[in-house]
Amino acid sequence: MEIPLTILNDSYTIPQLGFGVYQVPPEQTQRIVEDALEVGYRHIDTAAGYRNEDGVGRAIKASHLGRDQVYVTTKLYNDSHGYQETLDAFERSMDQLDLEFLDLYLIHWPRPIADRFLESWQAFETLRSAGRIHSIGVSNFRVKDLEKLAANSTATPVVNQIELHPYFQQNELSEYHHAHGIRTEAWSPLDQGRVLNEPLLVEIGSRYGKTPAQVTIRWHLDKGNVVIPKSEHKHRMSENLNVFDFTLTAEEIASIKKLETGQRSGFDPSEFEGLWD
Ligand code: NDP
């Protein structure tokens with residue numbers, strides 16, 4: 001089973017299907033990420049705010065996979081916006097991960113109330129120029145945040161990682177990404193499990209012998225999204241990877257489009273401060 005690589009606007013590639021570790025308890029992270037690597041994931045998505053970067057780093061060491069065989073993303077914590085704050089936060093993350101370089105660093109939330117993400121972006125560019133990070137991107141940015149970034153920097157984010165699933169499809173933002181060479185990366189791709197009882201997804205799955213989770217992940221892949229489902233269970237990790245032997249028809253994709261509710265499940269980037277300490 002080969003996970004396809006997607007090319008980014010800086011010419012690096014990213015495995016299109018990865019593994020997320022939000023809400024994975026720190027004390028279980030090493031075991032869970034070891035399981036994920038064992039079943040075939042080669043892209044791990046963590047964040048300073050998840051407090052489990054060290055477990056991710058230990059799992060990668062324990063796997064004996066080469067550094068170039070595992071793609072690692074982490075994110076700048078919300079309390080660290082600002083130029084020097086970002087440089088310092090990056091070093092803390094790298095100490096936790098125990099890695100020499102990072103594949104992808106994201107500004108986790110725009111925090112428009114603080115209004116300092118441009119300073120952080122400048123620090124991201126510094127770190128990238130120094131070879132510490134291959135690719136730089138953002139998360140939870142709205143069109144207006146992306147426009148502000150574009151007006152103040154020549155570095156286009158490689159991805160914008162956003163809440164996206166069949167109930168909240170983010171078509172406007174995805175179109176902006178497409179027009180500007182930014183890859184859409186879907187967080188909570190299964191709406192934290194809420195999509196899994198959706199009759200339409202059950203029905204589509206029955207045509208292919210696939211579960212609603214597999215149909216949903218396939219839908220993301222068919223749309224060109226990078227997608228990072230999370231599971232603490234090894235059999236579900238495998239299930240979520242087993243999506244490369246079918247594709248959805250245009251009619252099926254059109255029917256899933258009608259599941260849009262216009263309601264996000266997660267925090268609203270316009271107001272989320274994310275300072276949970
Ligand atoms: P997901 O949409 O990936 O759903 C995870 C939930 O679905 C868990 O409860 C899991 O249960 C369950 N699940 C997974 N696979 C299956 C399956 N095959 N059958 C049944 N249940 C299943 O939610 P997340 O919020 O975790 O999003 C994924 C990743 O996105 C995060 O881990 C994180 O890396 C990233 N993220 C980023 C954010 C950001 O602000 N940038 C915000 C939120 C998430 P179980 O674990 O018990 O198997």
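A: Let's start with a definition: a helix axis is a line fitted to C-alpha atoms over the stretch in contact, and angles run from 0 to 180 degrees between N-to-C directions. This is a predicted model, where local features need pLDDT of at least 70 and side-chain atom pairs count only at pLDDT 80 or more, while totals for chains, interfaces and linings use all residues. Residues are numbered from 1 along each chain as its sequence is written, and side-chain values use heavy atoms, leaving out hydrogens and water.

Q: At what angle do helix α1 and helix α2 pack, and how far apart are their axes?
A: Two packed helices are described by the angle between their axes and the distance between the axes. Here α1 (residues 26-39) and α2 (residues 53-63) pack at about 45°, with axes 8 Å apart. Helices are DSSP runs (H or I, at least four residues), strands likewise (E, at least two), numbered from the N terminus. The two helices are therefore oblique to each other (under 35 degrees is roughly parallel, over 145 roughly antiparallel, 65 to 115 roughly perpendicular, the rest oblique).

Q: Which residues of α1 and α2 meet?
A: Contact means heavy atoms within 4.5 Å. From α1 you have Thr29, Gln30, Val33, Glu34 and Leu37; they meet Gly55, Val56, Arg58, Ala59, Ile60, Ala62 and Ser63 in α2. That contact divides into 6 nonpolar, 4 polar and 2 charged residues (Ala, Val, Leu, Ile, Met, Phe, Trp, Tyr, Cys and Pro are nonpolar; Asp, Glu, Lys and Arg charged; the others, Gly among them, polar).

Q: How do the axes of α3 and α4 cross?
A: The axes of α3 (residues 83-97) and α4 (residues 117-129) come within 7 Å and cross at roughly 50°. That makes α3 oblique to α4, and the crossing is right-handed. Tyr83, Thr86, Leu87 and Phe90 of α3 make the contact with a set on α4 that includes Phe124 and Leu127. Sorted by type, the contact residues are 6 nonpolar, 4 polar and 1 charged.

Q: Is Ser93 buried or exposed?
A: Ser93 lies in helix α3, and with a relative accessible area of 2% it is buried (under 20% is buried, over 50% exposed, in between partly exposed, using a 1.4 Å probe and protein chains only). Leaving aside residues up to four places away in sequence, Ser93 touches Ala48, Glu53 and Thr74.

Q: And where does Phe244 lie?
A: Look in the loop between α9 (234-241) and α10 (250-257). At 28% relative accessibility, Phe244 counts as partly exposed. Its contacts, again not counting residues up to four places away, include Met1, Pro4, Leu17 and Leu221.

Q: In what order do the strands form the sheet?
A: Strands pair if DSSP finds at least two bridges between them. Here 8 strands form an open, parallel sheet in the order β3-β4-β5-β6-β7-β8-β9-β10. β3 (19-20) and β10 (226-227) each have a single partner strand, so one side of each is left without a neighbour in the sheet.

Q: How many bridges join β6 to β7?
A: There are 5, and β6 (residues 102-107) runs parallel to β7, with Leu102 opposite Ile133. Strand β7 (residues 133-139) is mostly covered, with 6 of its 7 residues buried. Elsewhere, β4 (residues 43-45) and β5 (residues 71-76) pair in the parallel sense over 3 bridges, and the bridge partner of Asp45 in β5 is Thr73.

Notes:
Left-handed = near helix turned anticlockwise from the far one by under 90°.
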